[in-house]
Amino acid sequence: MEKYIHPFIEVCENVFRDFIGAELTAERPYFIDKKDAHEWDISAVIGLTGEARGAVVISMKKALALKITDQLTETVHDDVDDEVLDAIGEIINIIAGNAKRGLEEMFRLVISLPTVVRGANHSISWPNDQTRIICIPFKIYNEETFSLLLAIEASH
Amino acid sequence: MQEKMNPFLNFITSGKYYEIRDESNIDMVVRYILQNFLILLGGSLLFGFAFSNYKIGNNAEAIVDFVMGMTTVVAFFILRTQASFRIPSFMTVVPFGVLCAFFFYGGGTALSGIFWSFTFPMMAVFLLGRLWGIILSIALWVFMCCSALIPNFSPVHFELAYASRILSVYVLISALTLVYEHTKITKDRWVEVLTKSLKEERDTITAMKDNLRVGLFLMDRDFIIQGQYSKALEDVLVDHELEGKSFVEFLSSSLKEKEIETLRDYFDMVLNQSYDAQMLEDINPIHEFRFVHPVTREEKTLTTLFSALERDNGELFLLASISDITREAALKEQLVEEETKRRAEMESMFEVIHVEPKVLLDFIEDADYEFNTINRLLKDRSKSSQEVVVEIYQSIHAIKSNAVILGLQSFAQKLHVFEERIKLLRDREEDVQFEDILQITFALENLMKTEDSFKEIIEKISNFGSEHEKVGESFVLIELLKKASEKTALSENKMVRFEASDIDPLLISGKYRRNLKEILLQLVRNSVVHGIEQPDYRMDIGKEKEGLIRLQTEKRGDSLLVLLSDNGSGIDFAQISKNAIANKLIPESLSKNKKALTNLLFSPGFSTASKTDHNAGRGVGLHLVKERLKEIGGTLKLKSENGKGTLFAITIPLS
């Protein structure tokens, strides 16, 4: 699974640097249980299929989502509106698009369009039964964090 | 490129020399030359006669001569076109025939005019072919007969003997011409058939050579690649214009100098031609080898075959075939890899089904607990990665110890490899980086997957029904400790018996269960490795061959007392002291202080074993005991008597 995950981490850092001008610091990764409801307010999901199957999710708190959207659109948002959802969806879209370019050279993969989920304590229904979900927390703006969640497995 | 024309050649061959360059058609060119020659000679003669006839006022004849002369001039031009050769041929042969007839008729000086006629059959047959040639020859002959035999037909008188000889020679020349032409045509046909079949054969061979996926080529005695190699050779060797290159030098980056030397020797053997082909194939040093292109460094797996080829002139060549088997080699490798993996999985499954399901479940539960602990550590932001790594090490070690006891060798091996990795990180000078932890996470996921497969097996086994003996918790613990002692003894070449009196249920239930189990496992192993002596030695000093380890529990007021004793050699404080001083863990002033040395025993990283294996030497054992004991608020007392044995007394408060 590592060969699929590495490109995502790399691309994630690059996209945040190039599009939002924020340096990310990757923190210690850990596993999360799919039953866990997580403490995020907004998540953007893309699915992978082909040589490997799974999903990649970016989850964050509302405050960070607003801050990122403000940076991207150069306007001020007080609450999660459509523009915020679009912005966060767009970020994962760019990440997926870039990761896809790297991955498709090596593996046959199809990457779905992003879906954005919001709501306090929402949970995500993960596609794979067996695969463990690896969570990579990224520190951004020195104090806030968001998570890159990955569950990818080579299909047989 | 346009060739510069020779005007004379152009003139004499009607330009055909430049159109028909095929050697097989040189014959046709010769006929053109003959034709032109005839036109030149006959035409000028005819115009000459026309002129002299006109001068003497013989106008009718002059006109006939002129017309015929003109005909040959027209023929000259037609010859230069693409028109059939036969048309101008008629236009020259017929006037020439008439000329011959005229000369014969007139006789000329001393009858010399008749000689012209002898050339006619040859001219006619060569230029018009056998049929028309012979018809016209016969026509001339008939005319000659009339002139020579019928009195007063011509102005010249032929004597009969003379006439008959002339006519016979003419017939003979005609016959010989016919025979010659026929022989030539038959031969031409035969050559054509031969050429055709040769060409077909050559085309087939070329097609085969070009379409073959195998690189085929010849090398001379100096291993220089010859020109006629198959197209595939360029694909196989990923290079072009190989002619004239040295094959051996081409392999310079694929083979070591010594291997090239061997290859040269091998080629000499092949060229020697006195060895058995099968034997040569078997000893081919590059029968299958990794090819590295000398310039692009592209890599391929190639297979080769060599044999000697001797030309008719005695020249010797090496015939080589070389093909690309990179894909096949990769597939084979993958197959072997998968086979190994499958076998490992089978082995691990065998190991798993040999474990009592209840004991295995207990193991899985413990492993889950440790994995969860690890994940909690990973998540815990208050701890540095350095600290986390140290604690992961302990958790993994705990799982590994249990796996070893249960005989889950393949899983234990995986855990061992993981442990070694963690150890490298733990003992490293630099900080643990994100990338390190990420790699650890992936490796952990792999370990958890193996554990998942155990769960699957257990599930399948328990689906068989409940025939399995229901075993109690106490059985599981005693069984585990017993197994641990046996396993350790086996690998240490010792003999040990584990005994347990009735155990207080408090020991195996409640919140202390896991910690106590871990503590006891460590202590039992410690006893076997460090306490119990080798059987022979035991016999020598009058002890029972088999060492004894005993477990007892006792309830004392509001605490539980657990006693673990062995009848081994006791703790070797001298050895500990020596190690401690050697590793500068203790000042020399304290080297005789038993309390300080005992404390050292329980400190992290201390080990008396010189090598590390599954059982001892990682410096985890007693420190882990101390840690686990601390967690449940227990205390440990140690009593050791040199040569008699060791007693560990653990007290746990039951609050």
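**View 1. Helix 22 meets helix 23 in chain B.** Phe573(B), Ile576(B), Ser577(B) and Ala580(B) of helix 22 of chain B touch Lys594(B), Leu597(B), Leu600(B) and Leu601(B) of helix 23 of chain B. Residues are in contact here if their C-beta atoms, placed from the backbone, lie within 7 Å. Six of the residues in this contact are nonpolar, one is polar and one is charged. Ala, Val, Leu, Ile, Met, Phe, Trp, Tyr, Cys and Pro count as nonpolar, Asp, Glu, Lys and Arg as charged, and the others, Gly among them, as polar. The axes of helix 22 (residues 573-582) and helix 23 (residues 594-601) of chain B come within 10 Å and cross at roughly 70°. Axes are lines fitted to C-alpha atoms, for helices over the stretch in contact, with angles from 0 to 180 degrees between N-to-C directions. Helix 22 and helix 23 of chain B are therefore roughly perpendicular, a term for angles of 65 to 115 degrees. Helices (H or I, at least four residues) and strands (E, at least two) are DSSP runs, numbered from the N terminus.

A word on the model: it is predicted, so local features need pLDDT of at least 70 and side-chain atom pairs pLDDT 80 or more, while totals for chains, interfaces and linings use all residues. Residues are numbered from 1 along each chain as its sequence is written, and chains are lettered from A and ligands numbered from 1 in the order in which they are written.

**View 2. An open sheet in chain B.** Its five strands follow the order 5-6-7-9-8, with mixed pairing; strands pair if DSSP finds at least two bridges between them. Strand 5 (496-500) and strand 8 (635-641) of chain B are at the edges with a single partner strand each, so one side of each has no neighbour in the sheet. Strand 7 (residues 559-566) and strand 9 (residues 645-653) of chain B run antiparallel, joined by eight bridges. Look for Asp566(B) opposite Thr646(B) in strand 9 of chain B.

**View 3. Where chain B touches chain A.** Here 12 residues of chain B are in contact with 10 residues of chain A. Helix 14 (357-379) and helix 17 (434-463) of chain B each supply at least two residues of chain B's side. Helix 17 of chain B gives the largest share of that side, eight residues.

**View 4. Around Phe8(A).** Beyond its neighbours within four places in sequence, Phe8(A) is in contact with Val56(A), Ile95(A), Ala99(A), Leu148(A) and Leu150(A).

Notes: Contact = placed C-beta atoms within 7 Å. Parallel < 35°, antiparallel > 145°, perpendicular 65-115°, else oblique.
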